[in-house]
Amino acid sequence: MHRFYLVLLITAFSLSCFSQSTPDTVSITLPEAEAKAIQNNLLLIASKYNIEASRALIIQAKLWDNPVLNTDQNIYDGKFFRHTTVNGQPYGEVYIQLLQVFKTAGKRTKLAELSTTSAQLAELQFADALRNLRYALRTNLYTAWQLKQVRMLFTQEYTEIETLLSGMKAQYDAGNISLKDLLRVQALGLSLKQELAETDKQWTDVNSTLKLLLQEDKNTVLDPSLPEPDVSHAPVIADTLLQFARKNNPEYLSEQNQLLFQQQNLSYQKALRAPDITAGVEYDRANTYAINYWGLAVSLPLPLFNRNQGNIKSAQFSIKQEESLLLQKDKKLQNEYQSAVSKLQLSYNVLVSGDKNYYAQYQQLLNNAVQSYRQRQMSLLEFIDLFEAFRDTRLQYLQQQLNYQKAKEDLNFTIGTDVLK
C-alpha cells in the first residue's frame with residue numbers, strides 16, 4: 001500500500017516538473033505588449049525614480065540656510081554653568097549669539113532654476129528611455145511576426161515535400177522513378193528542414209529579447225498577433241515634420257536643455273562673486289561694560305582674491321561646448337530624418353509594386369504543380385524551379401513587409417512621437 005502511494009507521489013511530481021518546463025505560448029497584440037512593457041520594464045521604473053529625485057532637489061534649492069546658535073558658558077573654579085547673583089551682582093557669564101545667512105544676488109533663485117532644468121533633463125531621459133523601449137519592442141514584435149510567417153511557409157512546404165517523398169519512395173521501390181530524382185527531392189526536404197531550424201533559432205533569440213523587455217517568465221513563448229501592414233495609401237510626410245521633430249525628439253531636446261543648464265550655471269557662478277551676508281543678534285551677561293549686553297552681529301567675506309573667476313570661465317567654455325554639440329545634434333537629426341523618410345518611401349514603393357493577387361495565384365500554381373508532378377505532367381526540374389521560386393518570392397515579400405514596418409518605426413523614433421501608425 002505504501003509503495004502504491006509512493007508511485008503516485010513520484011508520478012505527480014514528475015508531471016509537475018514536466019508542466020513547469022513546458023513552454024506556455026501567449027498570444028499578444030502590440031497595444032498589450034506596450035502596456036505591459038511600460039508597467040514592468042525595470043529601466044523605465046528606474047528613470048521614473050530619477051525624475052522624482054531630481055524634483056526633490058528643486059525643493060532643496062529653495063530652502064533657506066538654517067540659523068546658527070552660538071553660546072559660551074563659564075566652567076571656572078570647578079563650577080560649571082553657574083548663573084547666580086551675589087550681593088546683587090551677576091555671578092557667571094552667559095553669552096548667546098543667533099546668526100542667519102542671507103544669500104545675495106539671487107543665488108537661491110538661480111540655484112532653483114538650475115535644479116528645475118536638471119529635473120527637466122531627467123524627464124527627457126525618461127522620454128528617451130520610453131522611446132527606445134517602444135522602438136525595440138515594436139521592431140522585435142514585427143520581426144517575430146515575420147519569422148512566424150516564414151516558419152509557416154517552411155512548415156507548409158516541408159509537409160508537401162514529405163508527402164511527395166512518401167509516394168516517390170513507393171514509386172522508386174516499384175522501379176518507376178530513378179534514384180537521382182528521389183535523392184533530389186530528399187535534398188530539397190533536407191534544405192527546408194535546415195532552413196526551418198535556422199528560423200527557429202532566430203525565433204528563439206527574438207522571443208528572448210521580447211521576454212526581457214516585457215519581464216516575462218522564461219518558460220513563456222510570446223506569439224505576436226499583428227495585422228498585416230496597411231498599404232492602402234502612401235504615408236503622408238508633411239513639410240513641417242522636421243520642425244516637429246525638433247520639438248519632440250527627446251535626444252535633441254536634452255541637448256537644448258543642456259545648453260540652457262550651462263547658461264543658467266554661468267549666471268549662478270557670476271552671482272557667487274557677491275558675498276553672502278551673515279547677520280544676527282547676540283546677548284552677553286557680565287562680560288562687558290553693560291551687565292546685560294545686546295548687540296547686532298554682521299559679517300561678510302571681502303572678495304579681494306577669490307571672485308570665482310575660474311568657475312565663471314569654466315561655465316563660459318561649457319556654453320561654447322554645448323552650442324557646438326547642439327549644432328552637431330541638429331545636423332544629426334536632419335540626416336536621420338532624411339534617411340528615415342527615404343527608407344520609408346522606398347520600402348513602400350517596393351511593397352506596393354506587385355499585384356496584390358500575385359501571391360495567392362502563385363500559391364494555387366504551386367499546389368497545381370505538386371499534382372502535375374505526381375501525375376507526370378511536369379518534369380522534376382520544372383517542379384523544383386517553381387517550388388523554389390515560390391519560396392524565394394514569398395520570403396522576399398515577407399522581408400519587404402518587415403522593412404516597411406521598421407521604416408515607419410525609424411521615422412517615429414526620429415520624430416520622437418508616433419506620426420505613423
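How many cavities of 30 Å³ or more does the count come to by this rule? The count comes to two, where a cavity is a set of points, on a 1 Å grid over the protein atoms alone, where a 1.4 Å probe fits but cannot get out.

Hi everyone, a word on the source before we look inside. This is a predicted model, with residues numbered from 1 along each chain as its sequence is written. Local features need pLDDT of at least 70, side-chain atom pairs count only at pLDDT 80 or more, totals for chains, interfaces and linings use all residues, and side-chain values use heavy atoms, with hydrogens and water left out.

Let's take the largest cavity. Its volume is about 70 Å³, a volume being the space filled by probe spheres set on grid points joined across faces, edges and corners. Lining residues, those with an atom within 4 Å of a point, include Tyr142, Trp145, Leu398 and Gln405 here. H4 and H10 each give two or more residues to this lining, and H10 gives the most, with four. Helices here are DSSP runs of H or I, at least four residues, numbered from the N terminus. By class, the lining has seven nonpolar, three polar and no charged residues; Ala, Val, Leu, Ile, Met, Phe, Trp, Tyr, Cys and Pro count as nonpolar, Asp, Glu, Lys and Arg as charged, and the others, Gly among them, as polar.

The second largest cavity holds about 30 Å³. Glu251, Lys329 and Glu336 are among its lining residues, and helix H8 (309-352) gives the most, with four. Four charged residues, two nonpolar and one polar make up that lining.

Now for the open space. Of its 23 lining residues, the closest to its centre are Tyr142, Gln405, Lys408, Leu420 and Lys421. H10 gives the most to this lining too, again with four residues. Eleven nonpolar, four polar and eight charged residues line the pocket.

One last thing, on packing. The axes of H4 and helix H7 (residues 250-271) come within 9 Å and cross at roughly 165 degrees; axes are lines fitted to C-alpha atoms over the stretch in contact, with angles from 0 to 180 degrees between N-to-C directions. H4 and H7 are therefore roughly antiparallel to each other, a label for angles over 145 degrees. Their contact residues divide into eleven nonpolar, nine polar and six charged.

Methods
1 Å grid on protein atoms, 1.4 Å probe; cavity = no way out; pocket = protein on both sides within 12 Å on 5 of 7 lines; lining within 4 Å. Parallel < 35°, antiparallel > 145°, perpendicular 65-115°, else oblique.
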